[in-house]
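Here is a short note to read beside the model. Take the points in order and keep the 3D view open.

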Amino acid sequence: MKNMIKHGLAVVDSPYDESGKKRTVVQKLLLGLTPSQYLLQAFRNPFNWILAAIFAVGIPILLGRFVFGLAWATSGSNDYPWGLFLGFGLFAMVPLSSSGFQLGTACEIFGRHDLEPIERLALLNGLLGYFFAVVYLLADLGQPWRLPYPMVVSFGPAAVLFLVAWHVATYLSVQVAEVSTAFFEWIGFPAGKRGVRRITLGLTVSGIILSTLHQGALGALFTYAPGKVHPLWYSSSFQWLHFFVSSLPGGLCMVITVSTIASKFMGWRTDRRFKEALDRCTVTLAKGACMGIATYITIKLIGIAHDNKWSYLDSGWGQWFMLEIIVGFMLPLVLMTYGVHTRKMGVIRLGAFATVFGVVLNRVNTAIITFNWKLPEREIPPWREVVISLTIFAIYIVVYRFILYRLPILYKWRQQEEEVTVTEAVTAPAAGRREASPVAVASYSKMTKLD
Amino acid sequence: MKRRNFLKACLIGGTTIAMGKTNKGWASGSFEGYPESMGVLVDTTRCIGCRSCEAACNKEQKLPEPDTSFDDKSVFEEPRRPTAKAYTVVNQYEKEKPGGPVYRKVQCNHCNEPACLTSCFVNAYTKTKEGAVIYNSKVCVGCRNCMIACPFNVPGYDYESVTNPVIKKCILCYDTRLKVGKPPACVDICPQEALTFGHRADLIKIAHERIRSNPDRYLDHVYGEKEVGGTSWLYLSGTEFDKIGFDPSLSNDPIISNVKDFLGMVPMVLSIWPALFSGIHLLSKHDSGGEGHDTESKEEEP
Amino acid sequence: MSSYKHLIVAALSLGAISVFTPLAAQCAAVPDSVTLNQNGTLYKPFAFNHAKHIQQLKECAGCHHHTTGTLVLDPECARCHQNSSPTAVVSCKGCHSAKPFSPETLAEKHADKQRYHKDKMGLKGAMHQSCIGCHQKEGAGPVGCQECHPRTEAGEAFNSSSRLGAKPAHAKKH
C-alpha cells in the first residue's frame, strides 16, 4: 500500500475522487484501487501470508468444532469447564475493550475534546473486542443457537451471568451505535450520523453504567467458586472491583497498543490530525492508565490484607502471582510514569504492552491456570483448542484491519458536500440542538469544515 | 434545554434500574431448606465398595453402557468424579489403613441453596420441595457456569454430543421415584444400607444418634448438615473427611453469599451513575477548554 | 411366651425351611438350612447353612441380638433392656422391614415424633451387615457378592458384566 501511494495513488478519504466524481461503495471497499491492484497489494503483504497459513489450518478446525462437537475440539473437561475460549477469549478480550466507554466518557462527558482524534479508535476497539468476545463465547457454548434464551425464553435474574448477558448485549448495541457515525460518514448517510450524534450523551452514560457493571460482573462470576480460584486471585469482597479497575488500564493500554501498531503499519491511513495528536493522546491515556494501575495494585493489596493471605505469597503460586503483579502491573506503572515525565514515547508504549500482557495474564490465571488449584492435575489445552483460539483472534485482526483501512477511524472524512453543512447550519438552531447537545454539534461542525 | 438531556439520561437510568431490580431478585435472605425435604444419609463406615449404586443409577437413569463392567475394581486406582455418563461414582481411599479401604459414594449433594441454581442465567435448575435439585435441559445453553459454581464439582457436561449437549447430574431419581415418595435407585439397591433415605430433619437426628451411640466408630461431624448452607445428602465418617475426598474448607454459608457484595452494588451503580455522570457533563460544559487536568482518574472512584 | 409360638413365627418369617431338627439350645426346633434371597431378581436364592453357624458360633445372640439366647449384650442397649425378656420374633425379617424406605414406613416414622428406634435397619442391610461384618471380623467366610449368591442373567446385564476387562474410564483420560 505504501508503495502504491508513493506511486501516486490517492487515499480514499472523501466521497469524491480527484476528478470530483462520487466514489461508489465498491471503489471505497477496494480502497480506490482496481481489483487487480488490490489483490496485488494483498499478496505483497507478508502478514497476509501468515494469516492465510493460520486460516488454512484454523478455519476447517473451527468448522469442525460445530460438526464434531466440543469433545473433539476442546479438552472437554468437567473439572475445567472454561477453557481457552472463555478464559482467554471472553475474560481477556472484554477488559481490553473497556476503551470505548472510557474515551467516550472523557470526550463526551468530561469534555476532553483534545482526545477526539483517538476517540473513534477507542470506540472501535471496544466494539470489536466485545464482538469477538461474543464470537469466542459462541464457539464455547454447547448450544450457541440458544444464546438468546436468557433474553427471551427463560430468565435467571438472580445469576451474575444473566446480568453479564444482558449488559454485554445492550452494550454491544450501544457500541454499534457509537461506531456507526464513522460508518454513516463513509457510506454517505449524514442523516443517520446526525441521529446518532443526538443521542450520544445517553449512549455514553449508559455505556458507563453497563461497563462498570459487566466488567465487575465478570469478576463476580468467580465469587461463585470461592474454593476453586486460588486465594491470591480471589476476594469475595473485592473480586468485582479487581476486574473492573484492572479493565480500565487494560482498555487504555490496548488503545495505545493498537494505535502504535496502526501508526507503524498503517501510516498511510492516518491523517495529519491523528499523527500530530497521537503522542499527546498517548501521554494522556498513559496518565489515565497509571492512575488505574496504581488503584488496582492498591486494592489488590487491600484484598490480600483483608483476608490475610500473605502466607500464600511464599509458594509456587505466590511467585507466579508476583510475576503477574510485577511484570504486568508494577513494571508498566514505573515505565509509563517515567515515560510520561520524560516524554519518552517508546517507554510509555512498552509499558502499555506490558499492561495488556498483565491484564490478559490475570484473566487467564483466574479462569484457567490457577482455577481448581487444589486438584492434582492441571489442564493443558489440546492443540485444536489452541488453534481455534488463534484462528478467532486472527479473524479479529483481519476485521479490525479491514475497518481501519476503510472507515474514518484514524483519519477524518473530508466532507465536501456543501449542502450538508448548510442543512446543519439551518436545522441546528431551529431544533435547538445546539444547546441540546453542544458537544455533538460543535464537533460535528468542526468535522465538516473543509481542510 | 439541558433539562431535556438530563431527563433523557434519567429515563435511560430508570429503565436500567427496573432491570437491575429483577437482577437482585432472590439474592437475599437465608434459606434453611424445605421442611419436608427428603435426603440420604451416607454412612461411609458401612460402604464396601460393591458399586451396585453405580449400576442401579446407570439403569434407572438410562445412561449409556459404562466403559467397563461395574464389577471392575480397577476403577478404584484413581479417584473419579461424576460425569454426564455416570451420575454417581464410588471412590476408594485409605487403602493402606489398618481398617481396610474406605469407600465413598460421590453424587450431587442436593444443596438447600444450590450454587448451580443461583448461577444459572436461564434458571434451568429447580430445588423441589422434596429436596431434589433438578434441571430443565431444554433451556440449557451450555455455558457451564454451574460446573464452575458447584462446590462439590458435580455437574457433568455432555461434551460428546454435537446437537444437544447439556448439563447432566444426579436428580435424586426425582422423575421416576422421589416424586412418588420412593427412595432413589442407589438407596434401594445398597446391600449394606450404607445409604439411608428419609426426611432430612430425621436423618440429621439419626446421624447424631449414631455418633452418640458409637463414638469410637464415627467422627463427631455430620458433613452436609451445615456445609454451604446444608445439603440433602449427609455423610458420616470414621476417617477425617479431607482424607476421603471431602473439601473441609467449605464455609457454612451458601455459595451465593459470596456473590451478594456484588449484587448489592448493582442497584447503586444503576441509580447513581446516570445522575452523577450527567451532572459532571453539565458541569464540565462550562469548564471551557477542560485541559490540563487528569479527568481519567475520576472514573476509578466507584 | 411359648417356644411353640416362637417356632411358628420363625418358620413363617424365614420362609422356606427345609429341615426341622430339635436342638438343645433354646428347647425349640431351629432350621438347619434356610433359603435366603427367595425373591431375588439380580441374585439367585441360596441355602444358608444355619446348623453350621450354630456349631461355630454357639451363641445365638451373636446374630439374633436380644431376641433369643443370651439377652442384651450391647451396653448401649442394656441401658434400657437390661431386664427385657426375649421377643416373640426371632427371625430377621420379623423385625427388619424388607422395605425400610417405603413412603408408608417413612411417613409413619416421621409422624411419630417420640419414637426412639428411628434408625432400625432394613432387612437387606441387617443381613448383609451381619454376615459380611462377621466374616470380615473373623477372617473367615465369604465377603464377595457372588460367593454367597450367584447372579442371575438379569444381574449380569444389570452390572454390564460383559464389559469386564474393557478399558476403564480413567485410562482413557487425555
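**Notes on the predicted model**

1. Start with burial in chain A. Of its 451 residues, 49% count as buried. Keep in mind that this is a predicted model.

2. Next, look at what chain A is built from. Chain A has 20 helices.

3. Now the contacts inside chain A. Take those between residues at least 6 apart in sequence: 78% of them join residues at least 24 apart.

4. Pick out one helix pair. Two packed helices are described by the angle between their axes and the distance between the axes. Helix 13 of chain A covers residues 239–265, and helix 14 of chain A covers residues 272–306. Their axes come within 8 Å. The crossing angle is roughly 155 degrees. Angles over 145 degrees count as roughly antiparallel, so helix 13 and helix 14 of chain A are roughly antiparallel to each other.

5. Stay with this pair. Helix 13 of chain A passes helix 14 of chain A in a left-handed crossing. Which kinds of residue make up the contact of helix 13 with helix 14 of chain A? There are 15 nonpolar residues, nine polar and one charged.

6. Move to chains B and C. Here 28 residues of chain C are in contact with 33 residues of chain B. On the chain C side, helix 5 (103–111) and helix 6 (123–138) each supply at least two residues. Helix 6 of chain C gives the largest share, five residues. By type, the side of chain C that touches chain B divides into 11 nonpolar, nine polar and eight charged residues.

How values were computed:
Residues are numbered from 1 along each chain as its sequence is written. Chains are lettered from A and ligands numbered from 1 in the order in which they are written. This is a predicted model: local features need pLDDT of at least 70, side-chain atom pairs count only at pLDDT 80 or more; totals for chains, interfaces and linings use all residues. Axes are lines fitted to C-alpha atoms, for helices over the stretch in contact, and angles run from 0 to 180 degrees between N-to-C directions. Helices (H or I, at least four residues) and strands (E, at least two) are DSSP runs, numbered from the N terminus. Angles under 35 degrees count as roughly parallel, over 145 as roughly antiparallel, 65 to 115 as roughly perpendicular and the rest as oblique. A crossing is left-handed if the near helix is turned anticlockwise from the far one by less than a right angle, and right-handed if clockwise. Ala, Val, Leu, Ile, Met, Phe, Trp, Tyr, Cys and Pro count as nonpolar, Asp, Glu, Lys and Arg as charged, and the others, Gly among them, as polar. Two residues are in contact if their C-beta atoms, placed from the backbone, lie within 7 Å. A residue is buried if 20 or more other C-beta atoms lie within 10 Å of its own, exposed if 12 or fewer, and partly exposed in between; C-beta atoms are placed from the backbone.
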